[in-house]
Amino acid sequence: MVKKITSILVLRLLALGATISALVVTVTTHDSRHVFNLTFKASYTNAPTLRYFVVVNAIASGYSIIVLLIPSKNFLWKFILISDLIVTSMLVSGISAALGVAQVGKKGNAHAGWLPICDQVPKFCDRLTGALIAGFIAPILYLVLVLFSIHNLINLLSVKA
């Protein structure tokens, strides 16, 4: 039993670390470039999908902190599986949206006439890549938590039956 609790605690702490890392790195990432007396500034606030990515990671971080503070014998643990599924879905949607914008930023879109910006603001793109890696790890950890919770629920139901 102690091993299960320790495993869940470690997974939740890793997920918290991944979401906070993605959040902090994304928010603190910015770069600018001067071209023909014009200043081009790159920040997460320029793209609504990156703002969504930040909000989702903030919600997931807050949720993780709250769940870590709930005592293990509390009746609220019955709702944790559903909540973990919701948070996992939110994290997957956030990283999907952010990866779409990052791909356009890195490669551009010839059909729409959008030029890549990573050649102009490499510091922004490099740091955002790190945030996206952390953001990609978070839903994987939450998925493992969901699978762990389902396994525990099935074991609990089979013991009662």
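Glycine 108 follows helix α3 and has a positive phi, near 80 degrees. Helices here are DSSP runs of H or I with at least four residues, strands are runs of E with at least two, and both are numbered from the N terminus. The model is predicted: local features need pLDDT of at least 70, side-chain atom pairs count only at pLDDT 80 or more, and totals for chains, interfaces and linings use all residues. Residues are numbered from 1 along each chain as its sequence is written, and side-chain values use heavy atoms, without hydrogens and water.

α3 contains 28 residues. From first C-alpha to last, α3 reaches 40 Å, close to the 40 Å expected at 1.5 Å a residue (1.5 Å times one less than the number of residues). Buried positions in α3 include Ile80, Asp84, Thr88, Gly94, Ala102 and Gly105 (buried: under 20% relative accessible area, 1.4 Å probe, protein chains only).

An unreviewed UniProt entry places "transmembrane region" at residues 50-70, 79-102 and 131-154. The UniProt positions follow the numbering used here, the feature names are shortened, and annotations may be inferred rather than shown by experiment. Residues 79-102 are 96% helix and 0% strand, with end C-alpha atoms 34 Å apart. Residues 131-154 are 100% helix and 0% strand, and their end C-alpha atoms lie 35 Å apart.

The second largest pocket holds about 540 Å³ of space. α3 (80-107), α4 (122-160) and β2 each give two or more residues to its lining. A pocket is an open set of points on a 1 Å grid over the protein atoms alone, where a 1.4 Å probe fits, with protein on both sides within 12 Å along at least five of seven lines; lining residues have an atom within 4 Å of a point. Points are joined across faces, edges and corners, and the volume is the space filled by probe spheres set on them. The lining has 26 residues, with Val101, Ala102, Gly105, Lys106 and Ile117 nearest the pocket centre. α4 gives the most, nine residues. By class, 19 lining residues are nonpolar, five polar and two charged (nonpolar: Ala, Val, Leu, Ile, Met, Phe, Trp, Tyr, Cys and Pro; charged: Asp, Glu, Lys and Arg; polar: the others, Gly among them).

Strands β1 (residues 30-35) and β2 (residues 38-43) run antiparallel, joined by six bridges (pairing requires at least two DSSP bridges). Serine 32 stands opposite lysine 41. Histidine 34 has threonine 39 as its bridge partner. Two residues separate the strands of this hairpin, where phenylalanine 36 takes a positive phi near 50 degrees.

Conventions:
Buried means under 20% relative accessible area, exposed over 50%, partly exposed in between (1.4 Å probe, protein chains only).
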